[in-house]
Amino acid sequence: MRHLATLLALALPQLVVAQEVATTDPHRETVRGAIAWIARQAVPVAGVDGAIAFPGSEGSKQEPQSIVYGGGAGILIFLENAAAVLDDATARDLADRTAKGLRAARHTDGGDKVTWSNGGMGSAGLYTGDAGIGQAFLVRHVLRKDAEALAVAVEIGESLLQRARDDDGALSWDEIPDIIYGNAGTALFLLELGLTSEQQRFVDAARNVGRGLLRDAVRVASKADPARQLSTWVLTMRGRTLHMPNFSHGTAGVAYALARVAAATGDAALLQGAKDGAEWLLENAVVDGEGLKWMHSDRGRPIYMGGWCHGPVGTGRLFLLLHAMTGEARYLDAATKGARFTIDYAANAEKAAPDGTKPYVPPSLCCGVAGVVDFFCDLARVTKDPAHAAFARKAGEYLIETAIADGDGRKWKNGQSVPGGPVAADSKGCNVDLMLGAAGEALALLRLTTLDREVDPVRSLPDRSVTAPAAKK
């Protein structure tokens, strides 16, 4: 008996270790590794005790930015979600210090209006300006019940209203209508702010931005019914005018914003504008096997991408939202066919070259695999199709496999947006931010950890929702 007891005593620790290995969640562990690496990239904000900011990429000597795309606001969104979902103390502390750093970057413009920008194109934008910083504080408030964060978001909303151009009730900030720089993205923040703070003036402002977007639409004759005019939007930048149909800069993103505002306000004209934009997209979709795709832009050789920015996993959000609002099956069909193209796109990207090497595709939330994971998590919740959840997890495996160990940290190097892009020579210059960096890859993996929950606990940017709240009467 003593011999048996000795054997059990020796074997038990090994059994416990084996059980721990078997039950380790690689998604959570990779997210925690990303948190550790992101923490090491933080730089102190001069003169503000405990405040931090982040460079755009590892080792960058450029001044840290506050915005979502390349800056601290996007990182704050990730950290707040990581803290909430994982109950992670390190993420929570980093989020506190990041919020403190963002508040320290607040200043006023020449007219004494609060801003985080130095002016110029996109200074009010969701990804490039104050609206995105407001959204980061709004996420913090929702997840932490932080009244100070809500106050910052409201202050930003008030400043945006003060700076808006009012053309007979149509509000705007830039000539650009898009989600990244322009009025559509800003409208989505104002809508989210109004619904969260229960301040109708912000919802009304979002509606008035929508009216401006309708006014600025470029009307195009329907192919099915030439007597019918459909709505599209163009991007004018640096003297060039481009029609970019997909989500980040094009018709899909603007139509999505109109649909979100219409869902909250019951505005029939905005909903019709969204439907007209969607109709143009349906008429101009390119059939690819069982899938659908849309060109990157109307200039140069045809390029079809698979990511959020210029691919079906961004554009599909418009169709999922319209399906939720209208119940029309053709919108869900378009979203799932766009997903089919993305699945085929990934299969092509996996093909090895003649020398046996496989291409490295971008892992990022903007134009790469993290954005695909993000969309397929939503698609799986909408369709209840286990195949969509399985593909989300498969894409997540790629993120885990390509994560680079850096001590206890994990990071990713970016890559070209088209399959076949070369692998970078080394791991230096890995991005930190939400859209191109570790914060985005980790946020996508975080979504996989919550995929089996009935209610999604992750709170992100306001252009990600594919469900529609009922309009207030």
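These are my notebook entries on a predicted model of a single chain.

**Entry 1: the whole chain**

I began with the overall picture. The chain's secondary structure comes to 15 helices and 14 strands. I then looked up the radius of gyration: a compact globule of 473 residues would have one near 23 Å, and the chain agrees with its 23 Å. Along the principal axes, the C-alpha trace spans about 90 × 55 × 45 Å.

How much of the chain counts as buried? I found 53% of the 473 residues. I also looked at contacts with a separation of 6 or more, and 67% of them join residues 24 or more positions apart.

**Entry 2: the nonpolar core**

Next I turned to the largest nonpolar core, which has 141 residues. Ile-38, Phe-78, Tyr-127, Phe-189, Trp-308, Phe-376 and Leu-434 touch the most other members. As a reminder to myself, nonpolar side chains tend to be buried together in soluble globular proteins.

Setting aside neighbours within four places in sequence, I found Phe-189 in contact with Leu-126, Ala-131, Gly-134, Gln-135, Leu-138, Ala-153, Ile-156, Gly-157, Leu-160 and Pro-462. Phe-189 is also one of the buried residues of helix 7, which made that helix my next stop.

**Entry 3: helix 7**

Helix 7 covers residues 183-197. From first C-alpha to last, this 15-residue helix reaches 21 Å, close to the 21 Å expected at 1.5 Å a residue. Twelve of its 15 residues are buried, so helix 7 is largely enclosed by the rest of the structure. Among the twelve are Asn-183, Thr-186, Leu-190, Leu-193 and Ser-197.

What do the buried residues of helix 7 pack against? I noted helix 5 (130-144), helix 6 (147-163), strand 6 (170-172), helix 8 (200-215) and helix 9 (251-265). Just after helix 7, I came across Glu-198 with a positive phi of about 60 degrees.

I stayed with two of the packing partners. Val-154 sits in helix 6, and at 11% relative accessibility it counts as buried. Not counting residues up to four places away in sequence, Val-154 touches Leu-193, Ser-197, Gln-199, Arg-201 and Phe-202. I also checked Val-154 against Gln-135: they are 19 residues apart in sequence, and their C-alpha atoms are 10.0 Å apart.

Leu-143 lies in helix 5. Is Leu-143 buried or partly exposed? At 22% relative accessibility, Leu-143 counts as partly exposed, because the cut-off for buried is under 20%. Leaving out neighbours within four places in sequence, I listed its contacts as Glu-80, Asn-81, Ala-84, Pro-457 and Arg-459. Leu-143 and Asp-408 are 265 residues apart in sequence and 27 Å apart in space, C-alpha to C-alpha.

**Entry 4: Ser-117**

I found Ser-117 in the loop between strand 4 (114-115) and helix 5. With 14% relative accessibility, Ser-117 counts as buried. Its side chain reaches the backbone nitrogen of Gly-119 at 2.8 Å. Apart from residues up to four places away in sequence, Ser-117 touches His-107, Ser-123 and Asp-130.

**Entry 5: helix 14**

I moved on to helix 14, residues 386-402. Its 17 residues reach 25 Å from first C-alpha to last, close to the 24 Å expected at 1.5 Å a residue. I found His-388, Ala-389, Phe-391, Ala-392, Ala-395, Gly-396, Leu-399 and Thr-402 buried. Seen down the axis of helix 14, the buried residues fall within an arc of 160 degrees, so they line one face of the helix. On the face turned away from the buried side, I noted the exposed residues Pro-386 and Glu-401.

Among the elements covering the buried residues of helix 14 are helix 12 (329-350), helix 13 (369-383), strand 13 (404-406), strand 14 (409-411) and helix 15 (438-449). The N-terminal end of helix 14 is capped by Asp-385, with a side-chain oxygen 2.8 Å from the backbone nitrogen of Ala-387.

**Entry 6: Thr-402**

Thr-402 is buried, and its relative accessible area is 17%. A polar atom of the Thr-402 side chain lies 2.8 Å from the backbone oxygen of Tyr-398. Beyond neighbours within four places in sequence, I found Thr-402 in contact with Tyr-360, Lys-411 and Trp-412.

Terms used
Residues are numbered from 1 along each chain as its sequence is written. This is a predicted model: local features need pLDDT of at least 70, side-chain atom pairs count only at pLDDT 80 or more; totals for chains, interfaces and linings use all residues. Side-chain values use heavy atoms; hydrogens and water are left out. Helices (H or I, at least four residues) and strands (E, at least two) are DSSP runs, numbered from the N terminus. The expected span of a helix is 1.5 Å times one less than its number of residues. Buried means under 20% relative accessible area, exposed over 50%, partly exposed in between (1.4 Å probe, protein chains only). The arc is that of the directions from the helix axis to the C-beta atoms. Contact means heavy atoms within 4.5 Å. A polar contact is a pair of N or O atoms within 3.5 Å; within protein, one must be able to donate a hydrogen and the other to accept it, and residues adjacent in sequence count only if both atoms are side-chain atoms. A nonpolar core is a set of buried Ala, Val, Leu, Ile, Met, Phe, Trp, Tyr and Cys residues joined through side-chain atoms within 4.5 Å. The radius of gyration is taken over C-alpha atoms; the globule rule is 2.2 Å times the number of residues to the power 0.38.
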